[in-house]
Amino acid sequence: TEEHEGKGIITRCISALMDDAIDEMGIERFVIGCAANNQRSRAVPERLGYRLHVTQPNGEVVGEYVYDRTIYGIRSTGWRERNK
């Protein structure tokens with residue numbers, strides 16, 4: 001809901017999940033994709049230090065609309081270095 005928007009909840013949740021995924025499951029690479037025109041969604045991986053890898057034309061379908069899709073990624077080693 002709007003009352004929860006802009007408070008960094010998703011960013012903190014993803015951060016905690018990444019830490020657990022690395023520590024408990026040994027995950028080595030993370031990927032986040034979102035519509036290229038959705039600046040709020042794109043801000044999440046950018047805040048977390050993910051790097052933009054590619055923009056896929058017409059790669060995101062939301063209802064009857066089709067958008068370009070951005071794909072971001074980070075390796076667990078990069079995540080750990082960033083969060084020392």
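This is a predicted model: local features need pLDDT of at least 70, side-chain atom pairs count only at pLDDT 80 or more; totals for chains, interfaces and linings use all residues.
## A buried threonine to start with

At 1% relative accessibility, T70 counts as buried (buried means under 20% relative accessible area, exposed over 50%, and partly exposed in between, with a 1.4 Å probe and protein chains only). T70 lies in strand β3. Helices (H or I, at least four residues) and strands (E, at least two) are DSSP runs here, numbered from the N terminus.

Who surrounds T70? Setting aside neighbours within four places in sequence, T70 is in contact with I32, G33, C34, A35, A36, R42, L52, V54 and T55. Contact here means heavy atoms within 4.5 Å.

Residues are numbered from 1 along each chain as its sequence is written, and side-chain values use heavy atoms, with hydrogens and water left out.

The pLDDT score is the predictor's confidence in each residue, from 0 to 100. Its mean over the protein chain is 92, and 99% of the residues reach 70 or more. Confidence is lowest in helix α3 (residues 76–82), with a mean of 91, and highest in strand β3 (residues 65–75), at 96.

## The overall layout

You will find three helices and three strands in the protein chain, and from the N terminus on they run α-β-α-β-β-α. Taken along the principal axes, the C-alpha atoms fill a box of roughly 40 × 30 × 20 Å. Of the 84 residues, 27% count as buried. Among contacts between residues at least 6 apart in sequence, 59% join residues at least 24 apart.

The mean positions of the 12 positive and 13 negative charges are 6 Å apart. Lys and Arg count as positive and Asp and Glu as negative, with His and the chain ends not counted; the place of a charge is taken as NZ of Lys, CZ of Arg, CG of Asp or CD of Glu.

## Helix α2, inside and out

Which residues of helix α2 (residues 39–47) are buried? They are R42, A43, V44 and P45. The buried residues of α2 pack against α1 (9–25), β1 (29–35), β2 and β3.

Q39 also has its place in helix α2, but at 53% relative accessibility Q39 counts as exposed. After α2 comes G49, whose phi is positive, near 90°.

Most residues other than glycine have a negative phi. N58, in strand β2 (residues 51–62), has a positive phi near 55°. The side of the story you can see on the surface is that N58 is exposed, with a relative accessible area of 54%.

With a disulfide taken as a pair of cysteine sulfur atoms within 2.5 Å, the count comes to zero. C13 is in no disulfide, and the nearest cysteine sulfur, that of C34, is 17 Å away. C13 counts as partly exposed at 40% relative accessibility, whereas C34 is buried, with a relative accessible area of 6%.
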